[in-house]
Structures are given as C-alpha cells and as structure tokens.
Amino acid sequence: MVAQVNGEATTRGIGMTSARTRDRLVQRLSENGITNTAVLERIRSVPRHLFVDEALASRAYEDTALPIGQGQTISQPWVVAVMTQALLPPPGSSSAVPPLGKVLEVGTGCGYQTAVLSPFARQIFTIERLAGIQRAARTRLNDLGFGNIRYRHGDGFQGWPGQAPFDAILVAAAPAEVPAALLEQLAPGGRLVIPVGPSGQQDLLRVTRTPDGLQRELLSQVSFVPLVEGMG
Ligand code: SAH
C-alpha cells in the first residue's frame, strides 16, 4: 500500500506514522525540556519509521530506544533532541545558515541522529565501527536524499584527524572517559556532546572549547550502548 502521510509517500500503513502520532511525540519532547523549535520541527519531519525494522515501525514515534540489530539501538527521540539542541548555538545568537559548519558524529547506527542533524550542518562526517550497520545507514540516507554526509568505517576513539577541527562533535555511544583525540579535534568555540560512564548510568556531558580552556557541563543522566574500541 502506498499512503500519503504528511505529504510524504510511504509504503506503510497510515495509523502509525500519522501526523497525530508525530504531534504527540513532539508535544512530549517539548514538555520534557526541548525548547528549540527548529529541533522539534526536525523531529516531527524526519520519518523515524523508515529507520527501524518494519516489524517495529508501529512503535517508531514512541519516545523509546528500539533494537536495530547486532546488539545496537536507535536512540530515543528525546536523547537525539537533547543532543542536537546542546550542539546548536542558542536560538537568535547566530544568523549563520546552516548554524554549524563541520560536524563529527561517532556511532552512525541506523543514521537517524545523522538525519536529524543534517540540515543544521554544512557537512557531517560520521564514523561507525560495524561495517554492515554503516552500509545500511548509508543506503537509507542516500535513498532519502541526504547529500551532506561523509561516511567512515573506523574507530570513533580516534576521531577523523584529516577533517579536524570540528565545530561540533556528537558521540552516540558511551566511553569510560572523554577520548583525548576528540577533544584535540574540537575547534575554538566548538562543542562536544558525549555520554560518559559505565553501562546503564552515564552522564551526558557538553564540553565547550572556550578561550579559557575546556568547560564541562552536565546535561542529564542517560543510558547508551558502550563505545567499543577497534573496528567490528
Ligand atoms: N546514532 C544512532 C544510534 C547509535 S547506537 C541513532 O540515531 O539511532 C551506537 C552506535 O555506535 C552503534 O552502531 C555502535 O556500533 C557504534 N559504535 C560503538 N563504538 C564505536 C566506535 N568506537 N567507533 C564508531 N562507532 C562505534
């Protein structure tokens, strides 16, 4: 069946991807600390149901993480929104379009966070250690028409030195400590958003490179899969 949902063609049924379902998700995020309206609109418009298995599509607009295979998960929408909001300059403070230049993402996963970030960045450089997962994400994002993304099968602990420095770095898996290479690759004024700590209870941190040095802020408690050293 080909249905017309939100003006966008989809091969899936109408109920689970309807405007009302997406509105409910956005409403929930705005009640839970997401104030940046551009981020909320982005969560509304990215078709999250196309990033998960067909069998899970009916749950795509619930505010939960879902399995994507190989023990990995698609991040919870609230977490994606918090991280995106934390990377962006405060609304009104910058007229640059897009607001971010070069962005490094560690942990491509299914590519949902990449898709949410895409219009806010001039270019996204995304690293994933599992080749199969990255191949699927690249195909999906290409099919959806995202053109400003470069992919690397590699170890995110190393960052992407050939493209540094980055205005923003987003890490979607949790190391025990902030990797030194990522701090080195942060541009002046740049922001790094990263979960840090043991499995199941991590601190989501924002580290900003200021003229006075690195400034750390605690954003929230979160639960991510671990950042694993080496390539899979
Ligand atoms: N951002 C994704 C979720 C990513 S889940 C989304 O939007 O849904 C975390 C991902 O990080 C997994 O795919 C995992 O394989 C990857 N990962 C873990 N350690 C890594 C490393 N050292 N380098 C690159 N990717 C890594």
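**Close-up views of the ligand site and pockets**

**View 1. Strand E4 and the shell around the ligand.** The largest share of the shell, 3 residues, comes from E4, a strand being a DSSP run (E) of at least two residues and a helix one (H or I) of at least four, numbered from the N terminus. The model is predicted, so local features need pLDDT of at least 70 and side-chain atom pairs 80 or more, whereas totals for chains, interfaces and linings use all residues. Residues are numbered from 1 along each chain as its sequence is written, and side-chain values use heavy atoms, without hydrogens and water. In total, 24 residues surround the ligand, each with a heavy atom within 4 Å of it.

View 2. A polar contact is a pair of N or O atoms within 3.5 Å. A polar backbone atom of Gln113 is 2.8 Å from a ligand oxygen atom, and a backbone N or O atom of Gly156 lies 2.7 Å from a ligand nitrogen atom.

**View 3. The largest pocket.** The ligand sits here, with more than half of its atoms within 2 Å of the grid points. A pocket is an open set of points on a 1 Å grid over the protein atoms alone, where a 1.4 Å probe fits, with protein on both sides within 12 Å along at least five of seven lines; lining residues have an atom within 4 Å of a point. Its 37 lining residues include Gln72 and Thr73, among those nearest the centre.

**View 4. The second largest pocket.** Helix H5 (131-143) gives the largest share of this lining, 4 residues. Phe51 and Arg140 are among the lining residues.

Technical notes. A polar contact is a pair of N or O atoms within 3.5 Å; within protein, one must be able to donate a hydrogen and the other to accept it, and residues adjacent in sequence count only if both atoms are side-chain atoms.
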